[in-house]
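Thanks, everyone. Let me walk you through today's structure, and please hold questions until the end.

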Amino acid sequence: MTAISVAGLVKTFGATRALDELDLTVRSGEVHGFLGPNGAGKSTTIRILLGLLRRDAGEVGVLGGDPWRDAVALHRRLAYVPGDVNLWPNLSGGEAIDLFGSLRGGLDRARRDELLRRFDLDPTKKCRTYSKGNRQKVAIVAAFASDVELLVLDEPTSGLDPLMEAVFREYVAALRDAGRTVLLSSHVMSEVEALCDRVSIIRAGRTVESGTLAELRHLTRTPMTVETERPVAGLAELAGVHAVTASGATTRFEVESGTLDPVLAHLARFGVRALTSTPPTLEELFMRHYGDGSEVAVTAPRPVPVGAR
Amino acid sequence: MTAFTGTTRLTRLALRRDRVKLLVWALAVPGVGAAVAQSVSGIYGTESDRIGYATTSAASVVARAFNGPVSGPSLGSVVTAEAYTMLALLAALLSTFAVVRHTRQNEETGRAELLGSAVVGRHAPLTAALLTTVAANVLSGLLLALVLVAGDLPVAGSLALGAAITGIGVSFAAIAAVTAQISGTARGANGMAAAVVGLAFLLRAAGDAWGTVSADGMRVVSAWPSWLSPLGWANQVQPFDGNRWPVLALTAGFSLLAIGTAFVLTAHRDLGSGVLAVRRGPAVAARGLLNPGGLAWRLQRGVVLGWAIGILVMGLSMGSVGDQLDSFVGENEAASELIAQLGGTEELVDAFLGTMMAMFALAVAGFAVQAVLRLRAEEAAGTLEGILATAVGRPRWLLSHLLWAALGAVVLLALAGASTGLGYGLVSGDVPGEVARLTVAGLVQAPAALVLAGLVVVLFGLLPRLSVALSWSAFLLCVLLGQLGALLELPQPVLNLSPFTHLPAVPAADPSATPLVLLLAVAVALTGLGLATFRRRDLAIG
């Protein structure tokens, strides 16, 4: 079963090609991480999935329907937390939560009150007085208290403190255990690593990587540090070995997965005293795809296409 | 570092931020003055015309209440009487908004927090806001005096009027400085200050209405309430007559006192908070809110109620002067011709009431434009995104707002007619008859306002990012065609562009159904077109 299927999705804003044949598959019951630098097209994709923007070309299916044509019917079965939560300044937080829940087809009142308590949100305050984090909590509480099949979360924790982030993770894990599908766009790598079954990485409107965390690691190099009795020689000539540096008895290098066996055999000849291997974190995967080794691409100001905020 | 460190920089920042607004302001006040001076010297060209004007204005309670106390038959005095209310309200409201924009609004948006963390003293933002606003007031007052002198009015009187209007602006800048400390929101601060403007106007109107006419019959001695109002002090300067400069000491003293109060309040509160705590709301939503229509009403109701109060006061006061009309315009040939021309009939009272209804039609169309533009405001603010991500379709959302805009316009026009009818009925002695007759006359105006509302929907659907500017331009065009079209003798096809041209001149003429039905059909067609285009387009957020 597929909850979201996107193939060859194209969206242009004037001269800007925001989405360039993007592909995305989210299976039912999984938590799917949606990663990419700012301006890569995450929010644009999500808005097309919600029928807020029209696609120019490509196939898009959400819960078996067409997000543009069947918007209202589909929205009864999904909940959305926008990246930038905008509320009505003169409504209280409680009113906003009830409103979203009701417009979605009703919410679980006991669950709503429990969420308010857990997220430590005062529902009597007017929305104009809420900070970004508190506005996000309003949208999160409204989404989690709704009984829906699919949750679309666009960088939902960017304004939350670490304590609240932990509460958020707990609820997402519970949703996954209950068989719900979650599309989680995020910049917080540890969050994605902790929560997601599968990940899609996009860049400049294209999907560059997709798979389980294990599968993505398979495509990448593992950094290793080895301490030997004699200096290691000839390591750089081996297939699949990169970035060799040696200082005294310690040698650092990176090795492609699947080519480990000959490397280990080679190292054994120099008397291995210690060997440590650190699997790449998502940050490192991310940097490798977008950063060219520097942080520039991640922190660079994003080009804002017209209409895509 | 003192509490005022950074004031210069912040003032420069305020001037930079507001350079367009301040320019428009500095030109609007002298612009109004020049336009009025021009038309007054045309209509009241001779001494005898002006003596007639001064005598009738001094005798009429209505003229005293709305235009202030007339002081003598000089050209300058007539210009002052005709331009005073407009100039005073412009200066008072623009000053209020400017001060609140640079104080409370900055705190609300969080900009002040960023500034406050820099080398900026506690009192610097308020001082900068006041300096900017006072400078704008002085500039516009000087320019006003200049254009009046250029229009051949005496220098002393021109300067006195310019100073009096500047004084009004400064007084209300000082009042806004206080309300910006009291209220925790920009909206609240503006609302409180605007309420003070209204109160000041009422005090002045009451004082002048209760005033006595001088021996020569061409001047008014105001009663004490006028002396309690910053708007009244400007009158008491008596530009072009007494030129009583010492009265401005009241303005200066009052402003200094208010500004001092504001500084004391600033020193005793936290950044971002007001003296009044922001009110809390219910923890659980009421049932009525939980659908698109309920939400739209919640968002629109403040505007509707505000308009209803304004229209009620206006209708009652305008209706109740209907019987004074003969004394008001009877002696002035040009004025009675003007009214006959605007209403298109010789029956003076009905022509006057018809003119009133036409004015109400335009005013309520302004409400309709404002209410429908809420669509765009919701879209730009991003709140629409959240709504459309729920099980609410675009047509349902759009129509829920449109419902209140249209219903509001119809009810406001009925209220305009009914209150005018009540006012006129009370003085003419036939309350039920006049209420019924004028309520119908009010309702007859509705189709034109609805056509304008429909046009706004189309603009929202087709050109969301330009819809606000284009909608108000269309509204302004209708106002201009309605007010000046006949006077300028524009060709009929041009006048026909405005839906208001096609309204029957009730109550003087019998309402005929055909134009009303056609206008309604146009309104429905425009709405349908706007809805169809909105359904097909991307959301344009921000």
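Start with one helix. In chain A, helix α6, residues 162-177, lies across strands β3, β6 and β7. It runs at about 145° to β7(A). Keep in mind that this is a predicted model.

Now the sheet under that helix. What is the strand order? It goes β5-β6-β7-β3-β8-β9, all in chain A. That is an open sheet of 6 strands, and the pairing is mixed. A quick reminder: strands in a sheet pair through backbone hydrogen bonds, either parallel or antiparallel.

Which strands stand at the edges? They are β5, residues 78-81, and β9, residues 206-212, of chain A. Each has a single partner strand, so one side of each has no neighbour in the sheet. From one strand to the next, the twist averages 15°.

Strand β8, residues 198-203 of chain A, is joined to β9(A) by 6 bridges. The two run antiparallel. For one pair to find on screen, V199(A) has G211(A) in β9(A) as its bridge partner.

Helix α1 of chain A, residues 42-49, touches β3, β6, β7 and β8 of chain A. Its direction makes about 150° with that of β6(A).

Strand β1, residues 2-13, and strand β2, residues 16-27, run antiparallel. They are joined by 9 bridges. Here I4(A) has V26(A) in β2(A) as its bridge partner. How many residues sit between the strands of this hairpin? There are 2. G14(A), in that hairpin, takes a positive phi near 60°.

Step back to chain A overall. The chain holds 11 helices and 13 strands. Of its 309 residues, 41% are buried. Now take contacts between residues at least 6 apart in sequence: 70% of these join residues at least 24 apart.

How is chain A divided? Domain 1 covers 2-211, and domain 2 covers 221-279. Their C-alpha centres lie 43 Å apart.

Look at the second of those ranges. Strand β10, residues 221-228 of chain A, pairs with β13(A). They run antiparallel, with 5 bridges. E227(A) stands opposite A274(A) in β13(A).

A word on confidence. Mean pLDDT for chain A is 86. In that chain, 90% of residues reach 70 or more. The stretch to watch is 292-309 of chain A, where pLDDT is below 50. That stretch still has 28 contacts in the model beyond near neighbours in sequence.

On to the contact between the chains. Chain A puts in 33 residues, and chain B puts in 29. Which elements of chain A give two or more residues to the side that touches chain B? They are α2, residues 71-75, and α3, residues 93-104. Helix α3(A) gives the most, with 8 residues. By class, this side of chain A has 14 nonpolar, 9 polar and 10 charged residues.

Now chain B. It is divided into domain 1, 7-267, and domain 2, 288-536. The centres of these two domains, taken over C-alpha atoms, are separated by 30 Å.

Most residues other than glycine have a negative phi. Q238(B) has a positive phi, near 50°. N243(B) also has a positive phi, near 45°. Where are they? Q238(B) lies in the loop between α11, residues 230-236, and α12, residues 248-267, of chain B. N243(B) is found in the loop between α11 and α12 of chain B too.

Are they buried or partly exposed? Q238(B) counts as buried, because it has 21 C-beta neighbours inside 10 Å. The cut-off for buried is 20 or more. N243(B) has 18 such neighbours inside 10 Å, so it counts as partly exposed.

That's my tour. Over to you.

Definitions and conventions. Residues are numbered from 1 along each chain as its sequence is written. Chains are lettered from A and ligands numbered from 1 in the order in which they are written. This is a predicted model: local features need pLDDT of at least 70, side-chain atom pairs count only at pLDDT 80 or more; totals for chains, interfaces and linings use all residues. Two strands pair if DSSP finds at least two bridges between them. Helices (H or I, at least four residues) and strands (E, at least two) are DSSP runs, numbered from the N terminus. Axes are lines fitted to C-alpha atoms, for helices over the stretch in contact, and angles run from 0 to 180 degrees between N-to-C directions. Two residues are in contact if their C-beta atoms, placed from the backbone, lie within 7 Å. pLDDT is the predictor's confidence in each residue, from 0 to 100. Domain bounds come from an automatic or database domain assignment. Ala, Val, Leu, Ile, Met, Phe, Trp, Tyr, Cys and Pro count as nonpolar, Asp, Glu, Lys and Arg as charged, and the others, Gly among them, as polar. A residue is buried if 20 or more other C-beta atoms lie within 10 Å of its own, exposed if 12 or fewer, and partly exposed in between; C-beta atoms are placed from the backbone.
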